[in-house]
Amino acid sequence: SLTEETEKMLNQQIVMEGKSSAYYLSMASWCETKGYINSSKFLYEHATEERDHMLKLFSYINEAGGHALQPAISEIRHDFNSLREVFELILEHEIKVTQSIHSLVDHCFSTKDFTTFNFLQWFVTEQREEETMARRALEIFDIIGEDGMGLWYIDIELGKLHGLD
Ligand code: OFO
């Protein structure tokens with residue numbers, strides 16, 4: 001079963017995933033108000049995926065005899081300066097999530113909790129994909145360029161990003 005420390009760290013990861021979900025939902029809404037319909041759709045779906053990540057942790061903690069705690073989510077940003085900024089913030093955020101998963105994995109390895117270590121491997125793979133997707137998004141801005149019709153086409157390409165998952 002889980003040690004108190006591991007349970008606490010898993011609950012902290014729940015907070016991160018809950019934040020990811022709320023953050024992306026807020027970004028989706030902002031994009032929708034600005035007419036970036038495809039990016040918005042991508043982000044609404046992504047917010048749902050993040051909630052699923054959170055629920056994976058809920059099941060794991062409770063099945064392992066712990067208690068998963070619904071996180072309080074506050075201080076969510078509602079306004080952004082540009083579509084590019086949104087995707088820059090996503091990459092920044094995903095890098096933080098990866099670091100958090102890695103320290104959790106490191107903790108499980110050093111305390112010989114190989115069950116949780118094994119459970120977390122899904123997240124390790126997922127984070128690699130998430131970072132790749134966020135980097136790809138920024139490449140799309142660079143390749144197409146934001147001038148003229150640029151943002152129109154960038155939005156269309158960003159809407160296809162889930163295909164990379
Ligand atoms: Fe974005 O993968 Fe979960 O947080």
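Axes here are lines fitted to C-alpha atoms, for helices over the stretch in contact, and angles run from 0 to 180 degrees between N-to-C directions. On that basis the axes of α2 and α5 come within 7 Å and cross at roughly 25 degrees. The model is predicted: local features need pLDDT of at least 70, side-chain atom pairs count only at pLDDT 80 or more, and totals for chains, interfaces and linings use all residues. Residue numbers start from 1 along each chain as its sequence is written.

**Overall architecture**

- The protein chain has five helices and zero strands, where helices (H or I, at least four residues) and strands (E, at least two) are DSSP runs numbered from the N terminus.
- Read from the N terminus, the order of elements is α-α-α-α-α.
- The C-alpha trace spans about 60 × 25 × 20 Å along its principal axes.
- Of the 165 residues, 28% count as buried; a residue is buried if 20 or more other C-beta atoms lie within 10 Å of its own, exposed if 12 or fewer, and partly exposed in between, with C-beta atoms placed from the backbone.
- Among contacts with a separation of 6 or more, 73% join residues 24 or more positions apart; two residues are in contact if their C-beta atoms, placed from the backbone, lie within 7 Å.

**Helix α1 and its packing on α2**

- Helix α1 covers residues 4-34, and its axis comes within 8 Å of that of α2, crossing at roughly 165 degrees.
- The two helices, α1 and α2, are therefore roughly antiparallel to each other; angles under 35 degrees count as roughly parallel, over 145 as roughly antiparallel, 65 to 115 as roughly perpendicular and the rest as oblique.
- The crossing of α1 and α2 is left-handed; a crossing has that hand if the near helix is turned anticlockwise from the far one by less than a right angle, and is right-handed if clockwise.
- The contact of α1 with α2 involves 15 nonpolar, nine polar and five charged residues; Ala, Val, Leu, Ile, Met, Phe, Trp, Tyr, Cys and Pro count as nonpolar, Asp, Glu, Lys and Arg as charged, and the others, Gly among them, as polar.
- The 31 residues of α1 should span 45 Å at 1.5 Å a residue, and the end C-alpha atoms are 45 Å apart, which agrees; the expected span is 1.5 Å times one less than the number of residues.
- G35 follows α1 and has a positive phi, near 90 degrees.

- The crossing of α2 past α5 is left-handed.
- On the α2 side the contact is made by N38, S39 and F42, and on the α5 side by D155, I156 and L158.
- By class, three residues of the contact of α2 with α5 are nonpolar, two polar and one charged.
- Helix α4 (residues 114-144) packs on helix α5 (residues 150-158) at an angle of about 150 degrees, with the axes 10 Å apart.
- That angle makes α4 roughly antiparallel to α5.
- α4 passes α5 in a right-handed crossing.
- A137, I140, F141 and I144 of α4 meet G150, Y153, I154, E157 and L158 of α5.
- Seven nonpolar residues, one polar and one charged make up the contact of α4 with α5.

**Helix α3**

- α3 has 28 residues and reaches 41 Å from its first C-alpha to its last, close to the 40 Å expected at 1.5 Å a residue.
- Its buried residues are L83, V86, F87, I90, E94, V97, L104 and C108.
- The cover over the buried residues of α3 includes α1, α2, α4 and α5.
- K112 follows α3 and has a positive phi, near 60 degrees.

**Two individual residues**

- G66 is found in the loop between α2 (37-63) and α3 (83-110).
- G66 is partly exposed, with 18 other C-beta atoms within 10 Å.
- Although G66 and L2 are 64 residues apart along the chain, their C-alpha atoms are separated by 6.7 Å.
- Not counting residues up to four places away in sequence, G66 touches L2, E7 and I61.
- F58 is found in helix α2, and is partly exposed, with 17 other C-beta atoms within 10 Å.
- F58 is in contact with I14 and A68, leaving aside its neighbours within four places in sequence.
- The C-alpha atoms of F58 and Y36, 22 residues apart along the chain, are separated by 33 Å.
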